[in-house]
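Please open the model in your viewer and keep the selection tool at hand, as this tour moves from one selection to the next.

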Amino acid sequence: MLTTHWILGPGAIGRLLAHSLEPYAKVALIGRRALPGQQMLTTPEGERRAQRLNTLTVDQLGAAGLPAPGFIHITTKAMAAEAALESISKVIPSTSPLVLWQNGFLAQPRITESWPGPVLCATTTQGAYLSGDDGVVHAGRGQTFIGDLRDQHRSVSEALAETLTKAGFTATAVDDIRQRLWQKLAVNAAINPLVALHGVRNGELRGARYSGRVESVINQVAMILQAEGIQPPNAGQSEDAWRALVWQVVDNTASNKASMLQDVEANRPTEREAILGPLIESAQHHGLPCEVLQALDAEIAALEASYLSAR
Ligand code: PAF
């Protein structure tokens, strides 16, 4: 029997997952508002593939008569994950395996703590963006890693990684997902807030106007991650290894508009709480300096407030 995958949050990664899994599994793509069932995927090679997806709203779930989900993927933004889970909690068994696809390190520990069933976390470098209510563009293929924070559900992660890989969404089950989530968070913290505040593409961080601030963020982040027991990338020496990685990502994504800048431009809440929040909390816990991170957080918060309060 085909496993049923519920995908909660029909953003770019959610829709890409739905398109990939549809031929191999039973898929339900669930959002707050109705989306057309006829959906278009544009592949990295530019090929356009139409596919019918089972799109549903949260309100329709109760009456939809779907089989119990084998996996529930939560693909919302970080700060919306808990509310999204709450919105479907009455129609799912509390033993259902969840897969959290969020950036940062906010939703993952909280939901791992509160959910009785297995909670897997995924981190991906797949690149995708939406092209309207009926389309997603798969901009670049990437790697996905899956594991759970307590390393208790290895076989569940392996089963999911195998299905995803068969579906062309290359995935590997790992026992160090906490390390990987924090490593991604570190890079995001050095790039996202600054480009969002100044409205610049990632590559501009190399310029004299911003590079000093990037370096100050890396200094504080490297100390915090060391205190958290997070290995520096590429088996390097802590601060130098983080510095090398951040500048490498800046160069590799020089022409990108980072996700936080896209949120600001669309007047959406940013993921600052999930990216800067855990770093600041950890610094305070370990008695480490974090004034650079706090200043960035306050500036982003003020920027957000300026447009969210006008809504
Ligand atoms: O959030 C993003 O946009 C990306 O994670 C990164 C690495 C900052 C590149 O744009």
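Which helix gives the most residues to the shell around the ligand? Select helix α6 (residues 177-198), which gives the most to that shell, with three residues; helices here are DSSP runs of H or I with at least four residues, numbered from the N terminus. Before going on, note that this is a predicted model, in which local features need pLDDT of at least 70 and side-chain atom pairs count only at pLDDT 80 or more, while totals for chains, interfaces and linings use all residues. Residues are numbered from 1 along each chain as its sequence is written, and side-chain values use heavy atoms, with hydrogens and water left out.

Next, select the ligand together with the residues that surround it, Asn-188, Ile-191, Asn-192, Asn-202, Val-249, Asn-256, Ala-258 and Ser-259, where a residue counts if one of its heavy atoms lies within 4 Å. Of this shell, three residues are nonpolar, five are polar and none is charged; Ala, Val, Leu, Ile, Met, Phe, Trp, Tyr, Cys and Pro count as nonpolar, Asp, Glu, Lys and Arg as charged, and the others, Gly among them, as polar.

Now show the side chain of Asn-188, where a polar atom lies 2.8 Å from an oxygen atom of the ligand, and then that of Asn-192, where the corresponding distance to a ligand oxygen is 2.9 Å. For Ser-259, a polar side-chain atom lies 2.5 Å from an oxygen atom of the ligand.

Move on to helix α10 (residues 272-286) and helix α11 (residues 291-308), which pack at an angle of about 150° with their axes 10 Å apart; axes are lines fitted to C-alpha atoms over the stretch in contact, and angles run from 0 to 180 degrees between N-to-C directions. The residues making this contact (heavy atoms within 4.5 Å) include Leu-276 and Ile-280 of α10 and Leu-293 and Ile-300 of α11.

Definitions and conventions
Helices (H or I, at least four residues) and strands (E, at least two) are DSSP runs, numbered from the N terminus. A polar contact is a pair of N or O atoms within 3.5 Å; within protein, one must be able to donate a hydrogen and the other to accept it, and residues adjacent in sequence count only if both atoms are side-chain atoms.
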